[in-house]
Amino acid sequence: MKHVTIKDIARSLCISVSTVSRALTDDKNIRKETRDMVVEEAKRLGYKRNPVAMNLKMGRTNTIGVIVPEMHTPYAATVINGIHEVLYKQNQKVMIAESDENAERELENLKMMEQFMVDGLIVSLCSYRKNIEEYRKLAEDGMAIVFYDRIPHGLDDMPQVMIDDNNDSYFMAEHLVRLGRRRIAYLYGPDDVYNAVERARGYREAVEKFGVYDPQLVVKTGMTFADGAAAVDDLVRRGVEFDAVYAFTDTLAIGAMNRLRELGRRIPED
């Protein structure tokens with residue numbers, strides 16, 4: 001379907017494009033008769049204003065880009081809904097892109113956001129080591145960027161919304177120990193996810209404090225439900241006994257829990 005432009009209106013009325021443009025923006029220097037004629041012709045031709053073009057003319061798109069590694073977990077959905085809720089009240093549109101835990105796709109998403117000239121970015125990274133220079137260059141060019149949850153490495157001067165993963169992880173592991181668990185398996189996420197490193201550190205500090213640390217209980221794994229199940233299979237295959245599972249993410253925990261039930265393990269009795 002062909003979109004009607006101001007050039008089409010100008011051609012139909014045999015007047016200049018600038019006159020049509022000023023008439024449609026209610027310029028005071030345009031005579032009322034001319035303005036009414038242009039508005040009427042615009043209606044007849046089915047002309048609709050292009051808000052993107054108007055915003056670009058003013059140097060703003062009123063759009064915030066959001067780049068996330070995944071959107072299927074309750075946590076991710078909650079954050080995205082919160083972003084929508086706040087920005088909607090500020091008359092801001094939201095453009096969301098999912099990187100699917102792939103740094104190359106994240107870079108593609110970042111370039112797409114640049115092309116659409118978003119006014120700012122809210123980002124949760126795939127890797128705290130990759131694409132960092134691209135974000136730095138964008139910030140130096142004036143792009144407003146806020147990182148949340150999965151933060152970058154070496155960009156401490158840029159706004160970041162995060163929790164104390166090390167501290168919180170320590171208390172979670174300590175809680176399990178105080179419940180009487182002594183063989184706490186830890187499902188450790190990818191090394192290039194900053195949260196995974198910090199949570200693993202908190203876990204180790206807690207179990208070492210109580211003298212129950214065993215490196216055999218630490219399983220390096222990925223980020224999916226299948227990875228959680230595979231981690232349990234690895235523990236069972238190696239004959240490692242465990243009475244609790246502490247996972248880097250809910251996704252890993254659910255994958256592990258489902259596999260344990262398939263194997264006949266009772267949760268939480270066993």
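Modeller: Let's start with E174, which sits in helix α8, residues 165–178. Bear in mind that this is a predicted model.

Biologist: Fine, but why is E174 called buried?

Modeller: Buried means under 20% relative accessible area. E174 comes in at 11%, so it gets the label.

Biologist: And which residues does E174 touch, leaving out those up to four places away in sequence?

Modeller: That would be A206, K209 and F210.

Biologist: On to helix pairs. What are the angle and the axis distance for α6 and α7?

Modeller: α6 (residues 103–115) packs against α7 (residues 132–140) at about 15°, and the axes are 11 Å apart.

Biologist: What makes α6 and α7 roughly parallel to each other?

Modeller: The cut-off for that is an angle under 35 degrees. The pair has an angle of about 15°, and α6 and α7 therefore count as roughly parallel. The crossing of α6 past α7 is left-handed.

Biologist: Which residues make the contact between α6 and α7?

Modeller: α6 brings E106, L107, L110 and E114, while α7 brings E134, Y135 and L138. Sorted by class, this contact has four nonpolar and three charged residues, with no polar ones.

Biologist: Now α1 and α3. How do they pack?

Modeller: Helix α1 (residues 6–13) meets helix α3 (residues 32–45) at an angle of about 115°, with 10 Å between the axes.

Biologist: Why is α1 called roughly perpendicular to α3?

Modeller: Roughly perpendicular covers 65 to 115 degrees. With an angle of about 115°, α1 is therefore given as roughly perpendicular to α3. α1 passes α3 in a right-handed crossing.

Biologist: Which residues of α1 and α3 make that contact?

Modeller: D8, I9, S12 and L13 come from α1, and M37, V38, E41, A42, R44 and L45 come from α3. The α1 and α3 contact residues split into six nonpolar, one polar and three charged.

Biologist: How many aromatic pairs does the structure hold?

Modeller: Seven aromatic pairs.

Biologist: Take the rings of Y186 and Y188. What makes that pair edge-to-face?

Modeller: Two steps. Rings pair if their centres lie within 6.5 Å, and planes over 60 degrees apart count as edge-to-face. For Y186 and Y188 the centres are 6.2 Å apart and the planes are at 65°, so the pair is edge-to-face.

Biologist: Last one: which residues does the cis peptide bond join?

Modeller: I267 and P268, with omega at about 10°. P268 lies in the segment after α11 (250–262).

Conventions:
Residues numbered from 1 in each chain as written. Predicted model: local features only at pLDDT ≥ 70, side-chain atom pairs only at ≥ 80, totals over all residues. Heavy atoms only, no water. Helix = DSSP H or I, 4+ residues; strand = E, 2+ residues; numbered from the N terminus. Buried < 20%, exposed > 50% of the residue type's maximum accessible area, 1.4 Å probe, protein only. Contact = heavy atoms within 4.5 Å. Axes fitted to C-alpha atoms, helices over the stretch in contact; angles between N-to-C directions. Parallel < 35°, antiparallel > 145°, perpendicular 65-115°, else oblique. Left-handed = near helix turned anticlockwise from the far one by under 90°. Nonpolar A, V, L, I, M, F, W, Y, C, P; charged D, E, K, R; others polar. Phe/Tyr/Trp six-rings, centres within 6.5 Å; stacked < 30°, edge-to-face > 60°.
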